[in-house]
Amino acid sequence: MAKINKYVDISTLDKEAKKDYIDRHSAFVHCEANAAKGEKFAVQVRVGDEYAHPDDFDHYIEYVQLWNGETLLGEARFTAGALGNQPGHVEVVFSIVPQKNLKLTAYAYCTKHGLWESDEKAVAVA
């Protein structure tokens with residue numbers, strides 16, 4: 001199994017370079033904490049919070065996935081140059097129709113630094 005990297009509380013790190021490295025590769029799930037059963041619900045996944053990720057031919061975010069527990073809900077794939085060959089934040093909005101409570105996790109794959117996992121985001125569905 002491939003190594004999965006996780007976000008580390010950047011306030012505990014000594015060097016700005018480590019903060020930059022971890023932040024720009026980490027996936028972050030942004031959505032409301034509550035959703036209505038059977039209605040469209042938007043979930044945004046953004047790679048990087050403060051720091052932009054490179055978009056070079058050999059170093060870019062190749063895909064972003066959204067999972068509910070062990071169920072893949074969606075995936076978006078990118079090629080080098082999708083951000084205009086400029087550092088940026090890959091952002092994807094997934095529209096899902098939940099039927100029960102969610103435990104959302106996002107993954108981002110960097111072609112140079114591997115797979116990165118977000119923190120889990122719980123969503124209550126009523």
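**Aromatic pairs, core and cysteines**

Reader: Let me start with one side chain: what relative accessibility does Trp67 have, and how does it count?

Author: Trp67 has a relative accessibility of 22%, so it counts as partly exposed; buried means under 20% relative accessible area, exposed means over 50% and partly exposed lies in between, with a 1.4 Å probe and protein chains only.

Reader: And what am I looking at, experiment or prediction?

Author: This is a predicted model, in which local features need pLDDT of at least 70 and side-chain atom pairs count only at pLDDT 80 or more, while totals for chains, interfaces and linings use all residues. Residues are numbered from 1 along each chain as its sequence is written, and side-chain values use heavy atoms, leaving out hydrogens and water.

Reader: Ok, rings next. How many aromatic pairs are there, and what is the arrangement of Tyr63 and Tyr109?

Author: Three aromatic pairs turn up in a search of the whole structure (rings of Phe, Tyr and Trp, the last by its six-membered ring, pair if their centres lie within 6.5 Å, with planes under 30 degrees apart counting as stacked, over 60 as edge-to-face and the rest as tilted). The ring centres of Tyr63 and Tyr109 are 5.4 Å apart with planes at 10°, so this pair is stacked.

Reader: Which parts of the chain does that pair tie together?

Author: Tyr63 sits in strand 5 (residues 61-68) and Tyr109 in strand 8 (residues 102-110), so the pair ties together parts that are 46 residues apart in sequence. Strands here are DSSP runs (E, at least two residues), as helices are (H or I, at least four), and both are numbered from the N terminus. Tyr63 counts as buried at 15% relative accessibility, whereas Tyr109, at 26%, counts as partly exposed.

Reader: Back to Trp67, then: which ring does it pair with?

Author: Trp67 pairs with Tyr107, and since the ring centres are 6.4 Å apart and the planes stand at 80°, the pair is edge-to-face. This pair also links distant parts of the chain, with Trp67 in strand 5 and Tyr107 in strand 8, 40 residues apart. Tyr107 counts as buried, at 15% relative accessibility.

Reader: What does the side chain of Tyr107 make a polar contact with?

Author: Its partner is the side chain of Glu117, at 2.8 Å; a polar contact is a pair of N or O atoms within 3.5 Å, where within protein one must be able to donate a hydrogen and the other to accept it, and residues adjacent in sequence count only if both atoms are side-chain atoms. Glu117 belongs to strand 9 (residues 114-117) and counts as buried at 13% relative accessibility.

Reader: What else touches Glu117?

Author: Apart from its neighbours within four places in sequence, Glu117 is in contact (heavy atoms within 4.5 Å) with residues including Ile4, Lys6 and Thr105.

Reader: Changing topic: which members of the largest nonpolar core touch the most others?

Author: Among its 23 residues, Phe41, Val43, Val64, Leu104 and Val123 touch the most other members, a nonpolar core being a set of buried Ala, Val, Leu, Ile, Met, Phe, Trp, Tyr and Cys residues joined through side-chain atoms within 4.5 Å. Strands that each supply at least two residues of this core include strand 2 (27-30), strand 4 (41-47) and strand 7 (91-96), and the largest share, five residues, comes from strand 8.

Reader: Why would such side chains gather?

Author: In soluble globular proteins, nonpolar side chains tend to be buried together.

Reader: Where is Val123, and how accessible?

Author: Val123 is in strand 10 and counts as buried at 2% relative accessibility. Beyond four places in sequence, Val123 touches, among others, Cys31, Phe41 and Leu104. Val123 and Ala35 are 88 residues apart in sequence, with their C-alpha atoms 6.8 Å apart in space.
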